[in-house]
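Here are my notes on the model, point by point. Please read them with the structure open.

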Amino acid sequence: MALSQRLPQAGGTVLPERVASVDVNAETKAAPANPLVDWSVAASTGALLARGGPSVSREEADRAVADLRDLTVDAERYVRDLTGLGQGLPVPPGTVVDRPGWVRSAAAGLGELTSRAVPPERASKLSSLVAGGAGVQTGVVLAFLGSRVLGQYDPFGGPDTDGELVLVAPNVVTAQQAMKVPGRDFRLWVCLHECTHRLQFTAVDWLRDYFAGEVGKLVSGFAGSDETVAATLQRLPENLRSLRESDSRDVLGLAELVQSPGQREVFDRLIALSTLLEGHADYVMDAVGPDVVPSVATIRRRFTERRKGGGLLDRLLRALLGVDAKVRQYEQGAAFTKYVVGAVGMSGFNAVWTSPETLPTRAEIKDPQAWVQRVH
């Protein structure tokens with residue numbers, strides 16, 4: 001029987017033997033109404049479409065869930081020792097969920113984040129209809145991603161919307177089985193990545209509000225724009241030319257082509273930040289070394305191969321949803337982090353967390369020496 005169906009579900013409370021199922025009524029509906037997306041519809045649609053997990057024994061399922069919950073505590077201590085971030089902060093365990101639980105959790109966090117950008121008073125008579133349709137479409141996307149995401153730290157998730165680390169047990173077990181790597185090593189490796197993300201937001205006290213503010217500027221720019229379709233289309237040739245001249249491999253799709261100059265500036269800052277955060281976490285999960293994760297080299301090699309795999313339909317969907325661009329973010333961000341740590345040490349790298357002004361630009365991500373020269 002599938003892991004997501006095999007284990008009893010505890011409505012939001014994680015026990016060592018159980019996978020939590022986030023309650024859409026308690027989580028998603030608590031967020032303010034949003035005129036762009038009905039997140040309760042997104043949550044229910046995505047949870048309905050989420051696929052079942054792998055077939056495992058009850059003993060293996062219990063061990064995987066207990067490990068994931070407990071290893072988040074160990075992993076964060078390793079990350080703190082390596083990075084120097086978060087010393088003295090509490091170390092809470094993670095929340096272990098099934099695939100529908102991740103969909104509901106993600107919808108709740110996105111609902112909280114976007115509600116800050118587009119207040120309910122912007123709603124029109126057609127808003128509920130538009131938001132409902134967008135909710136269905138978003139739910140389909142969340143269902144697709146829900147079978148692939150191993151875990152995430154959502155700075156706006158959790159019952160109090162103050163942040164939650166979520167691990168998707170069926171996906172972790174599926175990936176570990178497919179790669180034929182040691183179960184505990186892989187689970188710890190995943191936890192190291194997600195705990196790095198948690199520390200980025202909990203140890204850097206300004207980052208959460210900065211991120212929310214930038215997302216708010218971008219979303220409200222799209223939602224509040226009175227620009228005509230003709231004006232948007234008129235920008236396409238210029239944007240296409242600039243992207244071609246930049247020889248960029250991290251183009252993220254149509255949204256980037258139709259942005260106004262102001263939106264593009266915000267978008268570039270968000271892409272640079274996201275690339276930094278993902279690459280930093282990817283660097284850390286390997287840098288702890290074989291003393292902590294004995295099979296780390298094998299896991300990284302097989303995981304990288306797995307990221308490139310999939311059938312034609314899967315690759316097409318990944319391209320349309322920007323998943324492949326996300327993989328390039330890991331690579332670019334990890335290369336940036338490795339270069340800077342090698343040049344100025346971990347304490348020198350940590351200068352990125354001083355203020356928004358010390359974050360690397362999108363150009364500096366590809367040219368880390370330029371960031372070192374500017375900041376040091």
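How many aromatic pairs does the structure hold?

1. The count is ten aromatic pairs. Bear in mind that this is a predicted model. Take Tyr153 and Phe201: their ring centres are 6.1 Å apart and their planes meet at 35 degrees, so the pair is tilted. Tyr153 belongs to strand E4 and Phe201 to helix H8 (residues 183-203), so the contact ties together parts 48 residues apart in sequence.

2. Phe201 also pairs with Phe211. This pair is edge-to-face, at 6.1 Å centre to centre with 75 degrees between the planes. Phe201 sits in helix H8 and Phe211 in helix H9 (residues 207-223), ten residues apart.

3. Tyr153 and Phe201 are both buried. For Phe201 the relative accessible area is 12%, and the cut-off for buried is under 20%. Ring pairs join Tyr153, Phe156, Phe201 and Phe211 into a cluster.

4. Next, strand E5 (residues 164-168). Five of its five residues are buried, so the rest of the structure largely encloses this strand. Side chains in a regular strand alternate between the two faces of the sheet. Both faces of E5 are covered: Glu164, Val166 and Val168 lie on one side, Leu165 and Leu167 on the other, all buried.

5. Now the neighbours of E5. Strand E3 (residues 95-97) runs parallel to E5, joined by three bridges. Strand E4 (residues 151-154) runs antiparallel to E5, with four bridges. Val166 in E5 is the bridge partner of Thr95, and Gln152 stands opposite Val166 too.

6. Arg148 places its charged end over the ring of Phe144, 3.9 Å from the ring centre.

Notes
Residues are numbered from 1 along each chain as its sequence is written. This is a predicted model: local features need pLDDT of at least 70, side-chain atom pairs count only at pLDDT 80 or more; totals for chains, interfaces and linings use all residues. Side-chain values use heavy atoms; hydrogens and water are left out. Buried means under 20% relative accessible area, exposed over 50%, partly exposed in between (1.4 Å probe, protein chains only). Helices (H or I, at least four residues) and strands (E, at least two) are DSSP runs, numbered from the N terminus. Two strands pair if DSSP finds at least two bridges between them. Rings of Phe, Tyr and Trp (its six-membered ring) pair if their centres lie within 6.5 Å; planes under 30 degrees apart count as stacked, over 60 as edge-to-face and the rest as tilted. A charge sits over a ring if NZ of Lys or CZ of Arg is within 6 Å of the ring centre and within 35 degrees of the ring normal.
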